[in-house]
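User: Hi, I have a protein model open and want to get to know it. Can you walk me through it?
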Amino acid sequence: MSAGTGGPDAVRPSGRATASVAAARPADAQPCDIDELRTLFLFEHLDDDQLRWLCAHGHVERREPGVLYAEGEPAAWFYVLLEGSVALDHRVGTDDVEISRTSQRGVYGGAWAAYLGERAPQTYSQTMRVLAPSRFYALPAADFSELMTQWFPMAVHLLEGLFMGQRDTQLAVNQRERLLALGALSAGLTHELNNPAAAAGRATSALRERVAGMRHKLALIASGPYDATTLATLVDLQEQAVESLAKSRAPGAPPPPTALERTDAEDAVTDWLDAHSVREPWDLAPTFVSARLDGTWLDAVADAVAPEVLEGAVRWLGYALETEQLMNEVEDATTRISTLVGAAKQYSQIGLAPDRELDVHELLDATLTMLDKRLEGVTVVRAYDRTLPPVHAYGAALNQVWTNLLDNAAQALDGAGTLTVTTRRVDDWLEVEVADTGPGIPPDVVGRVFEPFFTTKPVGSGTGLGLDIAWRIVVGKHHGDLTVRSQPGDTRFLVRLPYTAEVRPS
C-alpha cells in the first residue's frame with residue numbers, strides 16, 4: 001500500500017493507451033465526483049480540468065470484503081481508497097503474510113508502476129484485501145501511465161532513474177557479493193589443497209629415500225650370513241609389523257596413546273635397542289611405537305637372528321615400517337585432496353541439473369568443507385536427521401544460502417564457540433537451523449537483517465546483501481521461509497523448505 005502527493009503539469013493526457021494490460025470497466029461501475037476526489041491528499045492540488053479527466057477515464061467501485069486484486073496477476077488497475085478498510089498481503093512460501101492495513105482515505109495501490117512499461121514487471125506486487133464494505137476510485141493502468149508521463153514528465157524521469165538505478169545497483173552489488181564469497185572460498189580451498197599436496201610431496205620424497213635404503217639392505221641380507229629359515233622368519237616378522245601398523249589405523253582400533261604414554265613407550269623401545277647395541281636407537285624407536293610394537297615383539301626378532309646381524313635385521317624391519325607409514329601419508333593426503341575436490345564439485349553443482357531431488361545434508365557438508373578454514377577454532381556440531389527424504393530444490397542456490405548463513409556465524413564466533421547445524425522435518429517442511437554461540441544481533445536491528453544493504457558489520461566488511469540474497473532464494477525461489485531470533489550467546493537462523501511446492505525457475 002502506497003501513499004504520496006504530487007503537483008500537476010500543464011500538459012493534459014491525450015488518452016492514448018501506453019500500458020500493455022487492457023482494463024475492462026465493471027458493469028456496476030459508478031461515476032466519480034470531482035469534489036470528492038479533491039478531498040483526497042493524492043489529488044488535492046489538481047485543477048478542475050484534471051479532476052474531470054480523472055472522472056472521465058476512471059470510475060468508482062463498491063467492494064464487499066474479499067480480495068480486490070491478487071499478487072502475481074496482471075496489473076490492470078490503479079486503485080485509490082475513498083472509504084472503507086483494506087489490508088496488503090505478501091506471499092511468503094505458500095502463505096500470505098499481512099504487511100499492513102489501513103482505513104486512511106487516499107491510500108493507493110495496484111498498477112502504480114505502469115508508467116515504467118516493459119522495464120518493470122506489470123503484475124500486482126502484493127494482494128489487497130477489502131476488510132469492510134469499501135469504495136475505490138479505479139483508473140485503468142494505461143490511463144495512469146499516460147497521466148504520469150504527460151502530467152509529471154520530470155517526476156517520471158526521476159522515478160525511472162531511481163527505480164532503474166536501484167535495480168542496477170542491486171544487481172551489481174549482488175554480483176560483487178557473490179565474487180567476494182567466491183574469493184573467500186577459493187582462498188580457503190587453495191589453502192586446504194596446498195597442505196595435503198605438500199604433505200604428499202614430502203612423503204613421496206622420503207619414500208624414495210627409504211626404498212633406496214631397503215634395496216641396499218636387501219643386498220646386504222642377500223650376501224650376509226642369513227640362511228633360508230632366518231630369511232623366512234624375517235619376512236614373517238616384517239608382515240607382522242606391517243599388519244600391526246594397519247590394525248592401529250583401522251576403524252574401531254584402540255585410541256592412540258597420549259603424549260605421555262607414547263613417550264614412555266618410545267623410552268622403553270630405545271632402552272631395548274640400546275641394550276642390544278643398535279646404533280642411534282632414538283631414530284628407530286618412534287617407528288616401532290607407531291605400529292604398536294614393543295620390546296616383547298623385538299625379543300622375537302632377537303631370537304630369530306644371530307646377535308652380530310641383529311642390528312641389520314632391526315633396521316630392515318624399521319625401513320619396511322617407515323615405507324608403509326609414508327605410503328599411508330601419501331594415501332591420506334590424496335584422499336583429502338579428492339575429498340576437497342568432491343566437495344567443491346558438490347558445492348558448485350557442476351554437471352548436475354539446476355533443480356532436482358537432493359539430499360540437503362550433502363549440500364551442508366560440502367559448504368562446511370569449503371568453509372573449513374573460516375571455521376578454525378570453532379566446534380562444529382552436525383545434528384542431522386539422516387532419515388529425511390530428499391527435497392526438490394536448486395542445489396547451487398541453496399549452497400549460496402548455506403554459505404551466507406555459515407559465514408555470518410563464523411564471523412560472529414571469531415574462532416571460538418560452537419556452531420550447530422540441525423536438520424529436521426516439521427509437518428510438510430524441511431527445516432535447517434544454523435545456530436551459533438556468538439554475541440548475538442542487537443534487538444533494535446534484528447528485524448532489519450534481511451533488508452538490502454543493511455549490515456551490522458564494520459565498514460568495508462560486508463555489502464549488506466548476503467542475507468537479502470539468502471531470503472530471496474529461500475522465499476522467492478523455493479516458496480520457503482527464512483527467520484531469525486537472537487540473544488547473546490544464542491543466534492538461530494531457521495530455513496524452511498516445503499516438500500510439496502514447486503521451485504520457481506531462475
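Analyst: Start with a definition. Helix axes are lines fitted to C-alpha atoms over the stretch in contact, and angles run from 0 to 180 degrees between N-to-C directions. Keep in mind that this is a predicted model.

User: Which angle do α11 and α12 pack at, and how far apart are their axes?
Analyst: The angle is about 140°. The axes of α11, residues 395-413, and α12, residues 466-477, are 9 Å apart.

User: Is that crossing left-handed or right-handed?
Analyst: The crossing of α11 and α12 is left-handed.

User: Which residues meet there?
Analyst: From α11 come Ala397, Leu398, Gln400, Val401, Asn404, Leu405 and Asn408. From α12 come Gly466, Leu467, Ile469, Ala470, Ile473, Val474 and Lys477. By class, nine residues in this contact are nonpolar, four are polar and one is charged.

User: OK, zooming out. How many helices and strands does the protein have?
Analyst: Twelve helices and 13 strands. The protein has 506 residues, and 44% of them count as buried.

User: What about its surface?
Analyst: The protein exposes about 25200 Å². Carbon and sulfur atoms supply 55% of that area.

User: New topic. Where is Ser134?
Analyst: Ser134 sits in strand β6, which covers residues 127-140.

User: Buried or exposed?
Analyst: Ser134 is buried, because its relative accessibility is 3% and the cut-off for buried is under 20%.

User: What does its side chain reach?
Analyst: The side chain of Ser134 reaches the backbone oxygen of Ala132, at 2.5 Å. Beyond its neighbours within four places in sequence, Ser134 contacts Glu61, Arg62, Arg63, Leu81, Glu83, Gly84 and Ser85.

User: Now α7. Which of its residues are buried?
Analyst: Pro281, Leu284, Ala285, Thr287, Phe288 and Val289. Helix α7 spans residues 281-290.

Definitions and conventions: Residues are numbered from 1 along each chain as its sequence is written. This is a predicted model: local features need pLDDT of at least 70, side-chain atom pairs count only at pLDDT 80 or more; totals for chains, interfaces and linings use all residues. Side-chain values use heavy atoms; hydrogens and water are left out. Helices (H or I, at least four residues) and strands (E, at least two) are DSSP runs, numbered from the N terminus. Buried means under 20% relative accessible area, exposed over 50%, partly exposed in between (1.4 Å probe, protein chains only). Accessible areas come from the Shrake-Rupley method with a 1.4 Å probe; for residues, only the protein chains shown count as cover. A crossing is left-handed if the near helix is turned anticlockwise from the far one by less than a right angle, and right-handed if clockwise. Contact means heavy atoms within 4.5 Å. Ala, Val, Leu, Ile, Met, Phe, Trp, Tyr, Cys and Pro count as nonpolar, Asp, Glu, Lys and Arg as charged, and the others, Gly among them, as polar. A polar contact is a pair of N or O atoms within 3.5 Å; within protein, one must be able to donate a hydrogen and the other to accept it, and residues adjacent in sequence count only if both atoms are side-chain atoms.
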